[in-house]
Protein chains: 4
Amino acid sequence: MIIVLKKGTEQKDIDNLLKKVKSLGLKPMVSQGQERTIIGVIGPEDVIRFQPLEAYPGVDKVMPVLAPYKLVSREFKQQDSVVKVKDSLEFGSEKINIVAGPCSIETKAQLQEIAGKIKDSGASLIRGGAFKPRTSPYSFQGLGEEGLKILQDVSNQFGIAAVTEVMDTRDVELVARYADVLQIGARNMQNFNLLKEVGQTKKPIILKRGLSATVKELLMSAEYILSEGNFNVILCERGIRTFSEFTRNTLDISAVPVIKMCSHLPVIVDPSHAAGKWGLVNPLSKAAVAAGADGLLVEVHPNPKEALSDGPQQLLPENFAILMKELKQVAESVGREL
Amino acid sequence: MIIVLKKGTEQKDIDNLLKKVKSLGLKPMVSQGQERTIIGVIGPEDVIRFQPLEAYPGVDKVMPVLAPYKLVSREFKQQDSVVKVKDSLEFGSEKINIVAGPCSIETKAQLQEIAGKIKDSGASLIRGGAFKPRTSPYSFQGLGEEGLKILQDVSNQFGIAAVTEVMDTRDVELVARYADVLQIGARNMQNFNLLKEVGQTKKPIILKRGLSATVKELLMSAEYILSEGNFNVILCERGIRTFSEFTRNTLDISAVPVIKMCSHLPVIVDPSHAAGKWGLVNPLSKAAVAAGADGLLVEVHPNPKEALSDGPQQLLPENFAILMKELKQVAESVGREL
Amino acid sequence: MIIVLKKGTEQKDIDNLLKKVKSLGLKPMVSQGQERTIIGVIGPEDVIRFQPLEAYPGVDKVMPVLAPYKLVSREFKQQDSVVKVKDSLEFGSEKINIVAGPCSIETKAQLQEIAGKIKDSGASLIRGGAFKPRTSPYSFQGLGEEGLKILQDVSNQFGIAAVTEVMDTRDVELVARYADVLQIGARNMQNFNLLKEVGQTKKPIILKRGLSATVKELLMSAEYILSEGNFNVILCERGIRTFSEFTRNTLDISAVPVIKMCSHLPVIVDPSHAAGKWGLVNPLSKAAVAAGADGLLVEVHPNPKEALSDGPQQLLPENFAILMKELKQVAESVGREL
Amino acid sequence: MIIVLKKGTEQKDIDNLLKKVKSLGLKPMVSQGQERTIIGVIGPEDVIRFQPLEAYPGVDKVMPVLAPYKLVSREFKQQDSVVKVKDSLEFGSEKINIVAGPCSIETKAQLQEIAGKIKDSGASLIRGGAFKPRTSPYSFQGLGEEGLKILQDVSNQFGIAAVTEVMDTRDVELVARYADVLQIGARNMQNFNLLKEVGQTKKPIILKRGLSATVKELLMSAEYILSEGNFNVILCERGIRTFSEFTRNTLDISAVPVIKMCSHLPVIVDPSHAAGKWGLVNPLSKAAVAAGADGLLVEVHPNPKEALSDGPQQLLPENFAILMKELKQVAESVGREL
């Protein structure tokens, strides 16, 4: 931690600060510059991180030196983490896993049709929403437990793992009973109580980045889950909110290598929500894999024109099949398997 | 709703669309332009709003004509709503109400000291967090129910209404037992289940705008609360996330008159979270009142240097007293009372 | 300047860095923390600011301690600067000056009509574009020198100072011959050659903040002008680009007090371009004055429906008259004159 | 163009609008909805685009139906444009071209060293700045004409085409004498006079997207160049400004397929400026090629630690060689050559 003082700070204010730093068991080192005085603080940075030193007279700014996350950081664990879903299905190893399926679970027949097709094309997991976070109270809100049952049945029938979102602390136990992987949606990335609840399960968690969350905040939210004892976290970049028009959100492709630098956790990309238009899902999927993503989350629907949610961004199964074929080439070009 | 077709769309695709529109009980009106064909849709827009028409072949874009919110809109209710907290305390009438207090409730003595001082300066409500949403799992998380009890005691002792945040669907009933006004924080603006829960109480709700929420999304979240039967909603602008440095967030001052144009609900401003620096709270508070805000949410702490959270942005009680004195002039200059 | 090293940096890399720092005539101070080593650099920060130290092996990040601007900074000059336009007309003293007028100069009759009306309402300067930066090559591009002549004639006739934009290094001399104040538009804030050219005139310069410029970058652009010898710079906040809809740009009201903290230069606000809608100009103007602005730039047009540019955001003269009357109250409430 | 009226607009205001529309030679079509009236306008949209219809009483919003650009649009020209630089060197065909070189031209020896190495690795063009847009007036500003001479000599010696930036309308002729391709930097994307000047040359132009420019604005700026008769425009995505930290800017990878959908012009990507860190250039380059880019602009420097500008983001020649080898695989995986 480095404390930069304002020009002309009085000695008594400096002394006050030094006293405070020492009272925390830390060692201050004062450097008198030509224009400013700065104080380096030696010792465990966490002790001082949450102290409001900027409120002291004379302090211009406080600059942390270390990242605020611990368990999720590369410094804590050098090797890539591998998150196992079941049997030989795992995220973070050589194989890139594709999660595909409809935005919402609508009927059993619908999900069976999709499951068969995406499995044939090479997807390893099926996704589908039973509880849907919708901007409008008048939009379709999902089938609830009925949807979870359909998801589990179809998952068992086709031997394809099931991913679904949990939105409410009260539903964690319920959802965990039916799904193989729990998803925390972008709007809940900083629903800290929900993070703690899923941290107490042993399930793999897909944690989606919030629309306006920095990478650091995403990692801090993952830290909530790991700090409860659940290390099975898969991070997901799904587009951030910017001024850029044409796409629903702006896919922050750099987040993939940046997260790999800062953390040992696997990273996947959701091109469907980032783009908001099915026509962009193919090139963005290839970009994600080329940039090093460990997986993708792709919306697929047999009849997007009649979908109960997110119609415009869902791929037809035949376009998904083409994508998978082309993606295989890209994966191999960067030394991965699909 | 207006549907713009791509150049060169085939007649059979147009016919398909027209069939779909009619099947919904709506009336399509086709205009053949020189370059494009457009279809105007007559009838209740809601019927068609959630149909994925963009997934139809030939459709370039779909442009809604009406706002998606109903109950919160100016069109639904022309006159300004007045939200009554208790007795003569209400938001949205001539008097501007100031909510002040610490970020977190720390001890009873602390809260009593603040309550006395802010009441003397003219605040009508005291705020203080018992459940705190913190980016880091290692930060102080609030006193919980113990904090709520302190808040209620101090509120009763000083005759000043109590505002506090609720973060979890499971806590709504508990918090509603102790507080006069429930606050939904920025990070929970789209925690839809929480919105529904507070919509089922009769308590006044302060709904804070999310860091990356548009005004339309803020109004849609308010719509969730109103649609459950609770019309006592006070909207709060608290800064949005932009590239701009120096301030923690960027206060979107235009949101105040924009919300007044679109909605009948009262609007308040939180300059403390927007700025993140106490030195900016005074000018931003004046700007908010000059722009038409119905109230302010200001963080005040007797000793920000030792605060357990948000130290740098909390005002000292003596600076709050100065602010209130100066603000009175600004309020009167725009025909309001403080 | 503080250099933070990566965990586990080898001694030879540290030695290399220290050698480099000493070779620049600076003094390094090494602090061995528990987890990281940091190097404080003592001496004139400018020497090292432009050295690519982040390219050295082992360097994690380089954190500057001082602001990169000099002449524009509060540290360089403690008292507020007053920029004199002519006679008793100056920016930065007690009186708030209002610049008003049409987006584009269209005809002499148009400008005369406006000049008479805005002067009656209390404006001290008239603005009008002769060279117009337009997004589309097919939009009206301004009258050029013909427009400048009209502006000067009307300025002389009504005894009201003239402000107009210069867009091209080749036109600086020409525009300076006709106008009292030169304006650098938002799109040219980082047209560094243009900044140097206007820095070589003695004219007062209104420098508008770019759509995506930080306050620091705005100050650096002002530094270009001052470093050429022209200290008559008036900074202008005119809205930044964010995701927020409804308004054309987002007025960053905090920029007013922030600039006042960092710099001695006067600051004005352009609510018309920020909002893009005339109905918001009144509340935003009041907010700007309440927050401490030294002036405003307001678009006024006698017939916005027929304006050749920016119709929707221009005030009618009668609405401008109302604004000025109401604004006088707000100015007085914060101890200023209008 | 579609005009949406406010609820309750009076008939005389509607009549006024209809009169205006007809006076422009266009045909209005009125649709009386249940809640709102809308007017569709038939005829060439350009006639009405620049009319301030939003300033008419009763008008709620005006929604254009067509894109405002013409010559750059896919609708104007269906097939991909190929921009020829010289001989067999062209952008937009099967081969992906890599432009590499230092941020600034420093000495002839430096540029010769780089030219030899990047050519060996497979680059087809060399870049280097002679006129540098720098945020600070105290930073190195480039060698000027001396630098241009070095660039041309080295280009001739190694048989590798030369790309350099032009910043000032007064320098266009000079720079065009020395370089094969002129670059318009991000900060000048809306320097409309500069766009017109380069539009009057016949040189290929690399037009970089501004930090806060939408894709539509980028296309409008290209339209300025094409409308002067120069169709040799290569668009360049180089990162936009967002809240996201870690990277200097946020690479908007979706812009590549989006531009391909809207325009026939070739698109390249600059991963160096987007990331600001050389360690991210490799994955972002691969992502760009996978997403469909026609080329890359990569900063390479033999000794980034001593570079006079942009040190941290420049690749060492040996890392560039590795990138080119790996990139070849990715290019082939999407059916392109490198």
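This is a predicted model: local features need pLDDT of at least 70, side-chain atom pairs count only at pLDDT 80 or more; totals for chains, interfaces and linings use all residues.
Val30(C) stands opposite Ile39(C), a residue of strand S3(C).

**The open sheet of chain C**

Around this pair, S2(C) and S3(C), the latter covering residues 37-42, run antiparallel and are joined over six bridges. They belong to an open sheet of four strands in chain C, ordered S2-S3-S1-S4 with antiparallel pairing. Strand S2 (27-32) and strand S4 (59-63) of chain C form the edges, each pairing on one side only. From one strand to the next, the twist averages 20°. Helix H1 of chain C, residues 11-23, packs on this sheet and touches strand S1 (2-5) as well as S2, S3 and S4 of chain C. The direction of H1(C) makes about 150° with that of S2(C).

**The barrel of chain D**

Now over to chain D, where the architecture to look for is a closed one. Eight strands of chain D close into a barrel with parallel pairing, in the order S7-S8-S9-S10-S11-S12-S13-S14. Ignoring direction, neighbouring strands here are turned by 25° against each other on average. For a closer look, take strand S9 (residues 161-165) and strand S10 (residues 181-184) of chain D, which run parallel and are joined by three bridges. Within that pairing, Thr164(D) has Leu182(D) in S10(D) as its bridge partner.

**Two interfaces side by side**

Chain B takes part in both of the interfaces described here, with chain C and with chain A. The table sets out their computed values.

| Interface | Residues in contact | Buried area | Share on carbon and sulfur | Salt bridges | Residue pairs in polar contact |
| Chain C and chain B | 36 of chain C, 36 of chain B | about 2800 Å² | 75% | zero | eight |
| Chain B and chain A | 46 of chain B, 46 of chain A | about 4200 Å² | 52% | six | 29 |

Helix H7 (215-227), helix H8 (255-262), helix H10 (281-290) and helix H11 (317-333) of chain C each supply at least two residues to the side that touches chain B. H10(C) gives the most, with five residues. By residue class, this side of chain C divides into 21 nonpolar, nine polar and six charged residues.

What does the rule find across the interface of chain B and chain A in the way of salt bridges? There are six salt bridges. One example is Glu217(A) with Arg241(B), where the closest N and O atoms are 2.7 Å apart. On the chain B side, helix H6 (192-199) and helix H7 (215-227) each supply at least two residues that touch chain A. H7(B) has the largest share, five residues. The side of chain B that touches chain A divides into 18 nonpolar, 13 polar and 15 charged residues.

**Salt bridges in the whole structure**

Side chains of opposite charge can pair when their charged atoms come close. Over all chains, a search of the whole structure finds 68 salt bridges. One lies within chain A, where the side chains of Glu326(A) and Lys286(A) meet at 2.7 Å, N to O. This pair links distant parts of the chain, with Glu326(A) in helix H11 (residues 317-333) and Lys286(A) in helix H10 (residues 281-290) of chain A, 40 residues apart.

Notes
Residues are numbered from 1 along each chain as its sequence is written. Chains are lettered from A and ligands numbered from 1 in the order in which they are written. Side-chain values use heavy atoms; hydrogens and water are left out. Contact means heavy atoms within 4.5 Å. Buried area is the accessible area (1.4 Å probe) that two parts lose on being put together, summed over both. A salt bridge is a side-chain nitrogen of Lys or Arg within 4 Å of a carboxyl oxygen of Asp or Glu. A polar contact is a pair of N or O atoms within 3.5 Å; within protein, one must be able to donate a hydrogen and the other to accept it, and residues adjacent in sequence count only if both atoms are side-chain atoms. Ala, Val, Leu, Ile, Met, Phe, Trp, Tyr, Cys and Pro count as nonpolar, Asp, Glu, Lys and Arg as charged, and the others, Gly among them, as polar. Two strands pair if DSSP finds at least two bridges between them. Axes are lines fitted to C-alpha atoms, for helices over the stretch in contact, and angles run from 0 to 180 degrees between N-to-C directions.
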